[in-house]
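Hi,

Here is the structure I promised to pass on. Have a look at it first, and my notes follow below.

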Amino acid sequence: MTLVKVERTAGSVTPLVEPADNVAGCWPQQHLSAVLAHRPGHWVTYRKVARQWYCLDSGRPNTITRANPFAHQNMQTIELLVFKE
């Protein structure tokens, strides 16, 4: 497993592009499996299962929705990327 913390300069709002899987020199033989994002006042976890993203939002307990974290960056800041084999 590889964890990548996203470091941003103060005031940066540049959206991230979804990383490719299995990138030589960075995360060989691994794929992006989870994303941790921050929305004002709470955290949001995204989990990728069978090429589909699911959102677990602490602001809406017991609710799982289909949503790609890279498509909703105007409402949140992506903080952590989780890659695994």
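β3 and β4 pair in an antiparallel way, with 6 bridges between them; two strands count as paired if DSSP finds at least two bridges between them. Strands here are DSSP runs of E with at least two residues, numbered from the N terminus. Across this pair, Lys48 sits opposite Trp53 in β4. The two strands make a hairpin with 2 residues between them, and Ala50 there has a positive phi near 50°.

Before you go further: this is a predicted model, where local features need pLDDT of at least 70 and side-chain atom pairs count only at pLDDT 80 or more, while totals for chains, interfaces and linings use all residues. Residues are numbered from 1 along each chain as its sequence is written, and side-chain values use heavy atoms, with hydrogens and water left out.

Now the rest of the sheet. It is open, with 6 strands in the order β1-β6-β2-β3-β4-β5 and antiparallel pairing. β1 (2-5) and β5 (64-66) are the edge strands with a single partner each, so one side of each has no neighbour in the sheet.

Going through the other pairs:
- β1 and β6 are joined by 4 bridges, and Leu3 has Val82 as its bridge partner in β6.
- β2 (residues 31-39) and β6 share 7 bridges, with His38 opposite Thr77.
- β2 and β3 share 6 bridges, with Arg39 opposite His42. They also form a hairpin with 2 residues between them, where Gly41 in the turn has a positive phi of about 90°.
- β4 (residues 52-57) and β5 are joined by 3 bridges, and Cys55 faces Thr65 across them.

Back to Trp53, then. The structure has 1 aromatic pair (ring centres within 6.5 Å, using the six-membered ring for Trp; planes under 30 degrees apart are stacked, over 60 edge-to-face, the rest tilted). That pair is Trp53 with Phe70, edge-to-face at 6.2 Å centre to centre and 65° between the planes. Trp53 is in β4 and Phe70 is in the loop between β5 and β6 (77-84), so the pair ties together parts 17 residues apart in sequence. Both Trp53 and Phe70 are buried, meaning under 20% relative accessible area with a 1.4 Å probe, protein chains only.

Both also turn up among the residues with the most contacts inside the largest nonpolar core, which has 13 residues (buried Ala, Val, Leu, Ile, Met, Phe, Trp, Tyr and Cys joined through side-chain atoms within 4.5 Å). β2, β3 (42-49), β4 and β6 each supply at least two of its residues.

Cheers

Conventions:
Buried means under 20% relative accessible area, exposed over 50%, partly exposed in between (1.4 Å probe, protein chains only).
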